[in-house]
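Please consider the structure shown below.

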Amino acid sequence: MKNNVNDDNRSATAHRPSPVTSAHQPSSALPWKLKGADFSNAWAVDAACSGNPGPMEYQGIDLDTGERIFHFGPVYGTNNIGEFLAIVHALALMKQKGIRKTIFSDSFTAQTWIKKRHCKTQLERNEKTEPLFAIIDRAHNWLRINAVEVPIKAWDTKKYGDIPADFGRK
């Protein structure tokens, strides 16, 4: 799948949304909506990694519609890095489009890194990981020059099940 991150002079962009659920399933029947919580005006982000490190990808899902808003990867990395980059991607995309929505993430580590404005990974920077570190550097730069203007909240997996942006590979 094509990576959806532009060069340093442009913000992250989304590719055409695609539904995570059946095209015939009404949005009111989305599993997280059936749990009785209000997730309107929100996106969920998540990452998946085959091995750690290994091929990593991340995505963002609109919780009102179940549509995929963005996707990136796979690229060699770790799950925590993917979770961090997914939040930054959502923040950058919202700023670019003038959108204000809550972002849900099930990663405490990524949320902590966002608050500190730094991805504190232990992944070695080398020839194999350099493409990912270039993206991490761009994310650090974005966080350095932009305010986080939307709420980032923890997804309650025990209460609502897997986050809707989950890749379902457990």
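This is a predicted model, and its pLDDT averages 84 over the protein, with 78% of the residues scoring at least 70. Residues 1–28 have a pLDDT below 50, and in the model this stretch makes 59 contacts beyond near neighbours in sequence. Where pLDDT is low, the predicted coordinates should not be read in detail.

With regard to charged groups, side chains of opposite charge can pair when their charged atoms come close. The whole structure contains four salt bridges. One of them joins K101 to D62, with the closest N and O atoms 3.6 Å apart. This pair links distant parts of the chain, since K101 lies in the loop between α1 (79–97) and β5 (102–105) and D62 in strand β3 (residues 54–62), 39 residues apart. Both partners are buried: K101 has a relative accessible area of 13%, and D62 one of 9%.

K101 also forms a salt bridge with D64, at 4.0 Å from N to O. D64 is located in the loop between β3 and β4, 37 residues from K101, and is partly exposed at 23% relative accessibility.

Another salt bridge connects R125 and E130, whose closest N and O atoms are 3.0 Å apart. R125 is partly exposed at 40% relative accessibility, as is E130 at 33%.

The side chain of R68 does make a polar contact, at 2.8 Å, with the side chain of Q59.

Methods. Residues are numbered from 1 along each chain as its sequence is written. This is a predicted model: local features need pLDDT of at least 70, side-chain atom pairs count only at pLDDT 80 or more; totals for chains, interfaces and linings use all residues. Side-chain values use heavy atoms; hydrogens and water are left out. pLDDT is the predictor's confidence in each residue, from 0 to 100. Contact means heavy atoms within 4.5 Å. A polar contact is a pair of N or O atoms within 3.5 Å; within protein, one must be able to donate a hydrogen and the other to accept it, and residues adjacent in sequence count only if both atoms are side-chain atoms. A salt bridge is a side-chain nitrogen of Lys or Arg within 4 Å of a carboxyl oxygen of Asp or Glu. Helices (H or I, at least four residues) and strands (E, at least two) are DSSP runs, numbered from the N terminus. Buried means under 20% relative accessible area, exposed over 50%, partly exposed in between (1.4 Å probe, protein chains only).
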